[in-house]
Amino acid sequence: MNKITMEELKSGMCRWPFGNTEDEGLSFCGKPSDPAAPYCEEHTIMAQAPSRRPKAT
Ligand SMILES: [Zn+2]
């Protein structure tokens, strides 16, 4: 998988985070994304997946 650092992250690139800030530092997906969307197609779907975050009822 091709990950990028925060410094390499630019608009038009997927900002889906990997890892965590306390260890090796946050890295990002970096795939081309729609300018109107923060994530690439794959991660837009993941962000919208209902199973990812339980709804508060
Ligand atoms: Zn992505």
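A residue counts as buried here if 20 or more other C-beta atoms lie within 10 Å of its own, as exposed if 12 or fewer do, and as partly exposed in between, with C-beta atoms placed from the backbone. The model is a predicted one: local features need pLDDT of at least 70, side-chain atom pairs count only at pLDDT 80 or more, and totals for chains, interfaces and linings use all residues. Residues are numbered from 1 along each chain as its sequence is written.

By the burial criterion, 12% of the 57 residues of the chain are buried. Read from the N terminus, the order of elements is β-β-β-α.

The three strands make an open sheet, ordered β1-β3-β2, with antiparallel pairing. Its edge strands are β1 (4-5) and β2 (17-18), each of which pairs on one side only. Two strands are taken to pair if DSSP finds at least two bridges between them. Strand β2 is joined to β3 (residues 27-28) by two bridges, and these strands run antiparallel. Within β3, Ser-27 is the bridge partner of Phe-18. In general, strands of a sheet pair through backbone hydrogen bonds, either parallel or antiparallel.

Phe-28 also belongs to β3. Phe-28 is buried because 20 other C-beta atoms lie within 10 Å. Contact means that the C-beta atoms of two residues, placed from the backbone, lie within 7 Å. Setting aside neighbours within four places in sequence, the contacts of Phe-28 include Ile-4, Leu-9, Cys-14, Trp-16 and Phe-18. Phe-28 and Phe-18 are 10 residues apart in sequence, and their C-alpha atoms are 5.7 Å apart.

Trp-16 sits in the loop between β1 and β2. Why is Trp-16 buried? Trp-16 is buried because it has 20 other C-beta atoms within 10 Å. Beyond residues up to four places away in sequence, Trp-16 touches Phe-28, Cys-29, Tyr-39 and His-43. Tyr-39 is 23 residues from Trp-16 in sequence, with a C-alpha to C-alpha distance of 6.1 Å.

Over the chain, residues 24 or more positions apart account for 24% of the contacts with a separation of 6 or more.

Technical notes: Helix = DSSP H or I, 4+ residues; strand = E, 2+ residues; numbered from the N terminus.
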